[in-house]
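Dear colleague,

Please find below the structure that I am handing over to you, with its sequence. My notes on what was found follow directly after it.

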Amino acid sequence: MTNGIIWKLIIVVGVLVVTLTIAGGLIWVERRLLALWQDRYGPNRVGPFGLLQVLADMVKVMTKEDWLPPFADKAVFIIAPAIIVLTVLAAFAVIPFAPGVEVVELNISLLFFLAMSSLGVYSVAFAGWASDSKYSLLGGLRAAAQMLSYEVFMGLSLMGVVMMAGSFNLVKIVETQREMWYCIPQCIGFVVFLIAGVAETRRLPFDLPEAESELVAGFHSEYSGMKFGMFFVGEYLGITLVSALTVTLFFGGWLGPVLPPLVWFTIKTFIMIAFFVLLRASLPRPRYDQLMAYGWKVLLPFSLLNIVVTGGILLAAAN
Amino acid sequence: MNAPFYIAAVVAFLSTFMVVTRRNAVHALLYLVVSLLSVALVFFLLGAPFVAALEVIIYAGAIMVLFVFVIMMLNIGRQTAEQEREWLNPEIWLGPAVLTLVLAGELIYVLSRMHGRAYALSVVSPKQVGIALLGPYVLGVELASMLLLAGLVGAFHLGRREGTGGERRP
């Protein structure tokens, strides 16, 4: 009993430390990878390979003046950045990193992830509203509409996987991928999920809520110091979360030969994160109406079609 | 034993009370989200994890976001809060308060008669919900989908622009 509790505590603390460290380290990883693909050096002065850049950035953001705009709605303005970090960290609780290495095993863990990611919208929407400035408000409005729409396709694209695994339980979903990873039979679902995942984390090319060429910095224009840092940490945590979930759902999670499960999971997740960075380096930002039209006119029909076809094939196979 | 249930219930009650009494619409919505989350927790504790998850995804995560969206677009500020203050004078509270008290009394009476029951009678799995919805309740599901379709068509008609064949010009 006490052993179980201690083991759980170790996992909880471990997940917290590892995810937050990765989120911080990603700042460096992203800048170096971007530089690599764009044929330049990137940060390479502070420490070996520029690794201490992360530390320098942290010290900088912590010691910056934390300005509260006098016209802002104070309570909401302060809560908003905390919401995104909280919801993303809570969603990590259901990710199975390896057999037995997870914080909780829910039989609806996939739905729990969707619930947490849908609550993350409030952070951006309220940040935009509470700042009481026009650029922030526009960014917040865009974020609310974008994340709400892409949440729909995200949920629908996962239903094919749920049908094939016969469960919302992420551990079961991984276990049923022993013969074949779901990225092959569920290729449409995989592509839709990936696009929706990028939109949910508001990453380039879908970073319209903070499009700096039109909206200054969008929903976080008025934020400074560590409150701004929280949005940043939230974004990188979000990338890690979506990568980890893509690996769990479509690339067999911890499954793999020779190496221990946790190592496989980490390798796969890092490849996905690198893919996210590559997207940022290579794709231009669409116009806002293009983004919405693309979602509702292309992704929605495809994800619905995927559900119908998957259901039909499963029914035919069952008979 | 039932502590999580009662904590969630108290949070739900308090946050719902705050929803009604807040003058700032966005603050009221924040409390409404908290209220929905605590109701979801109650569902979870009562053995309906699927309903709890849907409550968060659909109500707290989607419908409430639409509310926030509309209120952000309306750009209501201090003036509206003042207006709200004028509207919410004590006399208006009287009628609803009396009616609520009647309901509360009835609730307490009903609850006091069924004491000592365990609150998680059985856990309802997502599969059971699906079988029930597409089995005995399929007519209700179909009717609801017709209603939603009608709403969708109506919204499309209202949002359409004249003379452009429905296409929106950038």
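Glu55(B) belongs to helix α3 of chain B. With a relative accessible area of 10%, Glu55(B) counts as buried, because the cut-off for that class is under 20%.

Val56(B) is also placed in helix α3, which spans residues 49-74 of chain B. Its relative accessible area is 9%, and Val56(B) is therefore buried. Once the neighbours within four places in sequence are left aside, the contacts of Val56(B) include residues of chain A, namely Ala115(A), Ser118(A) and Leu119(A). In chain B, Val56(B) is in contact with Leu37(B), Ala40(B) and Gly61(B).

The model scores ipTM 0.73 and pTM 0.81. For chain B the mean pLDDT is 78, and 85% of the residues reach 70 or more. Among the elements of chain B, helix α4 (residues 78-87) has the lowest mean pLDDT, 70, whereas helix α7 (residues 138-159) has the highest, 90. Where pLDDT is low, the predicted coordinates should not be read in detail.

In chain A, one helix pair deserves a description. Helix α4 (residues 109-130) of chain A packs with helix α5 (residues 134-165) of chain A at an angle of about 170°, and their axes are 7 Å apart. Because angles over 145 degrees count as such, α4(A) is roughly antiparallel to α5(A). On the side of α4(A), the residues that make the contact include Leu110(A), Phe113(A), Leu114(A), Val121(A), Val124(A) and Trp129(A). On the side of α5(A), they include Leu137(A), Met147(A), Glu151(A), Met154(A), Leu158(A) and Val162(A). By class, this contact has 14 nonpolar, seven polar and one charged residues.

Which residues does Asn306(A) contact, leaving aside its neighbours within four places in sequence? They are Ser157(A), Gln186(A), Ile188(A) and Gly189(A). Asn306(A) lies in helix α11 (residues 288-318) of chain A and is buried, at a relative accessible area of 6%. Asn306(A) and Ala93(A) are 213 residues apart in sequence, and their C-alpha atoms are 29 Å apart in space.

The other residue is Asp39(A), located in the loop between α1 (2-37) and α2 (53-63) of chain A. Most residues other than glycine have a negative phi. The phi of Asp39(A), however, is near 60°, a positive value in a residue other than glycine. Asp39(A) is exposed, with a relative accessible area of 75%.

With kind regards

Key: Residues numbered from 1 in each chain as written. Chains lettered and ligands numbered in written order. Predicted model: local features only at pLDDT ≥ 70, side-chain atom pairs only at ≥ 80, totals over all residues. Heavy atoms only, no water. pLDDT = per-residue confidence, 0-100. Helix = DSSP H or I, 4+ residues; strand = E, 2+ residues; numbered from the N terminus. Axes fitted to C-alpha atoms, helices over the stretch in contact; angles between N-to-C directions. Parallel < 35°, antiparallel > 145°, perpendicular 65-115°, else oblique. Contact = heavy atoms within 4.5 Å. Nonpolar A, V, L, I, M, F, W, Y, C, P; charged D, E, K, R; others polar. Buried < 20%, exposed > 50% of the residue type's maximum accessible area, 1.4 Å probe, protein only.
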